[in-house]
Amino acid sequence: MTNPICRHLVLVLGDQLDAGAAALRDLDPARDRVWMCEAVEESTHVPSHKARILLFLSAMRHFRDALEGKGIRVHYRALDVEADPSLAAGLATAIRMLRPERLILTEPGEHRVLAALRGVAEAGAVPLEIRPDDHFICSREAFDRWAVGRKGPRLEHFYRHLRKREGILMEGPEDAAQPVGERWNLDQENRKAFGRQGPGMVPAPIGFPPDAITRDLIVIIERRFPNAPGSLERFDWPVTAAQAHEALEDFTRNRLAAFGPWQDAMWTGEPYLYHARISAALNLKLLDPRTAIDAAIAAFEANRAPLASVEGFVRQILGWREYVRGIYWREGPVYLESNALEAHSSLPRFYWTGKTDYACLEASIAQVLEYGYGHHIQRLMVTGLFALLLGVEPREIHAWYLAMFVDAIEWVEAPNVIGMSQFADGGLLASKPYVATGQYINRMSNYCRHCRYDPKESLGDSACPFTTLYWDFLDRHRNRFANHPRTALQWRNLARMGPERLAAIRRQAETLRADLATGGSG
């Protein structure tokens, strides 16, 4: 390519807002430029929540300004100016304008994006250098080495492997180190419900009111995406690295100690409870996972948080977050097509509106529409559980989660939904399907108090749809799971049910599906 305007064009994506990212490390401000693009497709390939769009774009513009404050030239493609239809189109334009000798990219978090950028580089005959994303504690290559030869990778084994390798929450000599507290996993201590009295006064997480950049974007998004789901009225997410560190410090000081026992609990009108509210900052790379882990351990060592809370928090970041990324890249794009349970029902319309008379789903979905957020049990055991029991097509529920949550990026969202929530991968990610009756939700929340359905009932007008569909699920999948060592008890309970009652449950489940398929219960 003749007469290049820049030597290297360093590509920075919306979830790579880390000043220390591999692609930026040897950047020469005099000869290189950074490329960033607010592509329309990134907000529309799934119908993204307005708060998700705003978070990405605001964080990107703040990061652009921080780079330019260091004297780095940024070729920034703004949604309200260039309106590039896709990242590929925006990059192709930049290549024609700047004629770089080389493109440099930190590996993206989605197969789709990686394929698109590679295609543009090949079409433009520009070398593309892809550097490992060392924001993560375990590289893709290290995960693959760990997984080779295993009959089935399991989170607990991987988590212990990383704890040992990194020396996190370990004590004793290196060659014989043991977990602090003599147990690897304190999950049994972290499953408490609030009881009828509720959570009481919960310290509200620190918020970050929209500044001028964010306020300008609110106007642009409302004009450009008027029909996108969700609201921007509650938007106060961290959009800079400094704010992300403030959010982490606020969590470890005010909520970490109580996080462990009540991390699975739910309560009406309490969207955050004791959760950290830093997942979006981690996934946009505004916050390093090592920093988060170190802060939690420091709180434990200073006697400001118990081991069970700290271990539970560390396991989510060091264990689960790293594990699902490894699975995503190891399995490749075909993983997104998984449908081991042959689920083909449509996602109920109320997932997009929150208008349903199922109180738990109404509360959880309305919260997502308002905040762009729901914690892991609301995702797994309310919205995800209902889709699993109903038999929703995995790609449909996957698209909903990717669209509706501010922290959703495909590498973390897809394995959590397709594997953990929907068991669509046949047990690769999780060894059993997470299914329960409405009684689980009743135990872990106050949602059922405000519902016309009875979680104990599976038949009749007042029967809880979760409970009806639970027994129907067990019946439909008995050949697959009846002898599974971790689920056999559930299917033995099914075997005790009389044939007439089971037939009636089947009929009620069929009626329920037919009603939902035509927009019912909304």
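**Overall fold, cores and selected elements**

The chain folds into 22 helices and seven strands, where helices (H or I, at least four residues) and strands (E, at least two) are DSSP runs numbered from the N terminus. Its radius of gyration is 24 Å, close to the 24 Å that the globule rule gives for 522 residues, so the chain is as compact as a globular protein of that length. Here the radius is taken over C-alpha atoms, and the rule is 2.2 Å times the number of residues to the power 0.38. This is a predicted model, in which local features need pLDDT of at least 70 and side-chain atom pairs count only at pLDDT 80 or more, while totals for chains, interfaces and linings use all residues. Residues are numbered from 1 along each chain as its sequence is written, and side-chain values use heavy atoms, with hydrogens and water left out.

Along its principal axes, the C-alpha trace spans about 80 × 60 × 50 Å. Of the 522 residues, 58% are buried; buried means under 20% relative accessible area, exposed over 50%, and partly exposed in between (1.4 Å probe, protein chains only). The chain exposes about 21,500 Å², and carbon and sulfur atoms supply 50% of that; accessible areas come from the Shrake-Rupley method with a 1.4 Å probe, and for residues only the protein chains shown count as cover. As for contacts (heavy atoms within 4.5 Å), 77% of those with a separation of 6 or more are between residues 24 or more positions apart.

Now for the inside of the chain. In soluble globular proteins, nonpolar side chains tend to be buried together. A nonpolar core is taken as a set of buried Ala, Val, Leu, Ile, Met, Phe, Trp, Tyr and Cys residues joined through side-chain atoms within 4.5 Å. The largest one holds 164 residues, and Val34, Phe313, Tyr351, Leu361 and Phe386 touch the most other members. Helix 12 gives this core its largest share, 13 residues. Apart from it lies another core, of 19 residues, including Cys6, Cys37, Leu105 and Val113.

Phe386 is in contact with Pro348, Phe350, Tyr351, Tyr358, Leu361, Pro465, Phe466, Leu469 and Leu516, leaving aside neighbours within four places in sequence. Val34 sits in strand 2 and, at 0% relative accessibility, counts as buried. Not counting residues up to four places away in sequence, Val34 touches Leu9, Val10, Val12, Leu24, Leu27, Leu67, Ile72, Arg73, Val74 and His75.

Strand 1 (residues 8-11) contains His8, which is buried with a relative accessible area of 13%. Beyond four places in sequence, His8 touches Arg31, Asp32, Arg33, Arg102 and Ile104. Leu17 belongs to the loop between strand 1 and strand 2 (33-37), yet Leu17 is buried, at a relative accessible area of 2%. Setting aside neighbours within four places in sequence, the contacts of Leu17 are Val12, Met36, Ala59, Met60, Phe63, Leu284, Lys285 and Leu286.

Helix 6 (residues 155-166) has twelve residues and should span 16 Å at 1.5 Å a residue; its end C-alpha atoms are 16 Å apart, which agrees. The expected span is 1.5 Å times one less than the number of residues. Leu155, Phe158, Tyr159, Leu162 and Arg163 are the buried residues named in helix 6. They cover an arc of only 140° around the axis, which puts them on the same side of helix 6; the arc is that of the directions from the helix axis to the C-beta atoms. An α-helix has 3.6 residues a turn, so residues three or four places apart point the same way. The cover over these buried residues includes helix 5 (140-147), strand 6 (170-171), strand 7 (178-179) and helix 12 (307-331).

After helix 6 comes Gly167, with a positive phi near 65°. Leu169, in the loop between helix 6 and strand 6, has a positive phi near 55° despite not being a glycine, and is buried at a relative accessible area of 6%. Asn303 also has a positive phi, about 60°, without being a glycine. Asn303 is in the loop between helix 11 (289-301) and helix 12 and is exposed, with a relative accessible area of 72%.
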